[in-house]
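Hi there,

Here is the structure I promised to hand over.

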Amino acid sequence: MSNLSLWERESFYATQDIIIIGGGFMGLWTALSLKQKNSSLRITILEKNITPLGASTRNAGFSCFGSPTEILSDIETLGLEETLEIVRMRFEGIEKIKNTFSAKQIDLDNCGGYELINKNYKYFNQLDEKIEWLNKELKIITEKDYTFVRHDEEMAEKGLIGFDAMIENTLESGIHSGKLVSALIQKVQAAGVSILNGIEVKSWNRDLDGIHVNTQQQIRFTANQIILCTNAFSNAISPELNITPARGQVIVTSEIPGLKLKGTFHFDEGFYYFRNLDGKILIGGARNEDFEGERTNDISGSDLIKNKLIAFLQKHIDTTISYTIENHWSGIMGFTDNKKPLLTKLDDNVFAVIACNGMGVALTPMMGEKAADMLLLYF
Ligand SMILES: Cc1cc2nc3c(=O)[nH]c(=O)nc-3n(C[C@H](O)[C@H](O)[C@H](O)COP(=O)(O)OP(=O)(O)OC[C@H]3O[C@@H](n4cnc5c(N)ncnc54)[C@H](O)[C@@H]3O)c2cc1C
């Protein structure tokens, strides 16, 4: 847009210290950390959609730092040290959320989390030793002797059918992701960050005035530094980031009176997850039933996955009362090849922080802080 008024040019579209591209959890936590470290920074977040639309407002709302089988699997691929570092960031991220917002603001439910395991799990016969070992390794992070405790005997009273073991993690909770995003938006705006919605960034280039951000709306922004927080959609701006999109689908039932299920639950290394949400069941996942089909950033869902989730619900959760499916939605995650979150410098004063690989509720607060430190280092 070439005919901007002087007023517009000197307010909404004025040159910024930092432009953040993407207004999901990552963009918002990065903005908040930057302002907390230097309140005088001029920061604008450019968000493509009317409200953030990717993963942050479309997830399952588990405030989790990893279930036992998932952590064991990560240790096999990433090694103990790197895995513990990621678990530590998730743990501290959850603490940061709790210290930033009241439980009421984000519907925090300290309900505890559980992993369900079947006999076909490769370490089933060594489960107790594996848990004991994990508890020792995690004590330095959680400060608890027993982060994970086996409670197979409680499966029946929670109405769970067809599982062979259940491990409890009392530190896990559920949150309302929409309320957390909304509370974050209010907090960063109160700190002086400008958020412009409906602006899709297409590319960037630089000259002596700084870095120019070119947009679909033909408005050009200028900043000293920019950072991509565009997660699964990052390849459209920077293909070299090579982020793999992964769609996750969720369904929610109608209210089920007398529902015995309490807590947040994981199964099959996190490929299935479900929770009691105000007397309804929220269940998501099943991406492993159609990896190819779900490697997409098309936000519409698929009947194949929806039906897999319904079948899982009918097979594994005892509900004497019939229910209907009230909600079905999908969101898009971003994955790196090695499952590690990515903070990188793409060029002078151009950065990217992306790919929380399906656990961004807990990871984005600390990744945002790391990103802020990196930007300020080069400022
Ligand atoms: C179904 C599902 C369930 C999940 N469950 C959990 C869970 O229970 N617990 C957990 O910890 N994590 C969960 N996750 C993962 C978690 O939601 C993500 O890791 C996290 O939200 C990532 O945040 P983000 O800000 O990086 O990405 P996003 O939320 O995707 O934000 C990226 C933003 O960038 C914007 N954008 C993209 N391209 C452009 C552009 N060109 N110009 C301007 N803006 C742009 C998008 O509109 C979007 O708002 C789940 C994800 C899904 C999909």
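Let me begin with a pair of helices: α3 passes α4 in a right-handed crossing. (A crossing is called right-handed if the near helix is turned clockwise from the far one by less than a right angle, and left-handed if anticlockwise.) Before going further, please note that this is a predicted model, in which local features need pLDDT of at least 70 and side-chain atom pairs count only at pLDDT 80 or more, while totals for chains, interfaces and linings use all residues. Residues are numbered from 1 along each chain as its sequence is written. Helices (H or I, at least four residues) and strands (E, at least two) are DSSP runs, numbered from the N terminus.

Back to that pair. Helix α3 covers residues 68-78 and helix α4 residues 80-100, and their axes come within 7 Å and cross at roughly 135°. Axes here are lines fitted to C-alpha atoms, for helices over the stretch in contact, with angles from 0 to 180 degrees between N-to-C directions. The two helices are therefore oblique to each other; under 35 degrees counts as roughly parallel, over 145 as roughly antiparallel, 65 to 115 as roughly perpendicular and the rest as oblique. On the α3 side the contact uses I71, D74, I75 and L78, and on the α4 side L80, E82, T83 and V87 (contact means C-beta atoms, placed from the backbone, within 7 Å). By class, that contact has 5 nonpolar, 1 polar and 2 charged residues. Ala, Val, Leu, Ile, Met, Phe, Trp, Tyr, Cys and Pro count as nonpolar, Asp, Glu, Lys and Arg as charged, and the others, Gly among them, as polar.

Among the residues in contact are F25, M26 and W29 of α2, and G360, V361 and T364 of α9. The contact of α2 with α9 divides into 12 nonpolar, 5 polar and 2 charged residues.

Now the strands. An open sheet of 8 strands runs in the order β5-β6-β4-β13-β14-β15-β12-β16, with mixed pairing (two strands pair if DSSP finds at least two bridges between them).

Elsewhere, β9 (residues 201-207) and β10 (residues 210-215) run antiparallel with 6 bridges, and a hairpin joins them through 2 residues. S203 is bridged to N214 in β10, and N214 also has R220 of β11 as a bridge partner. Strands β10 and β11 (residues 220-228) run antiparallel, with 4 bridges. In their hairpin, which has 4 residues between the strands, Q218 takes a positive phi near 65°.

Best wishes

Key: Contact = placed C-beta atoms within 7 Å.
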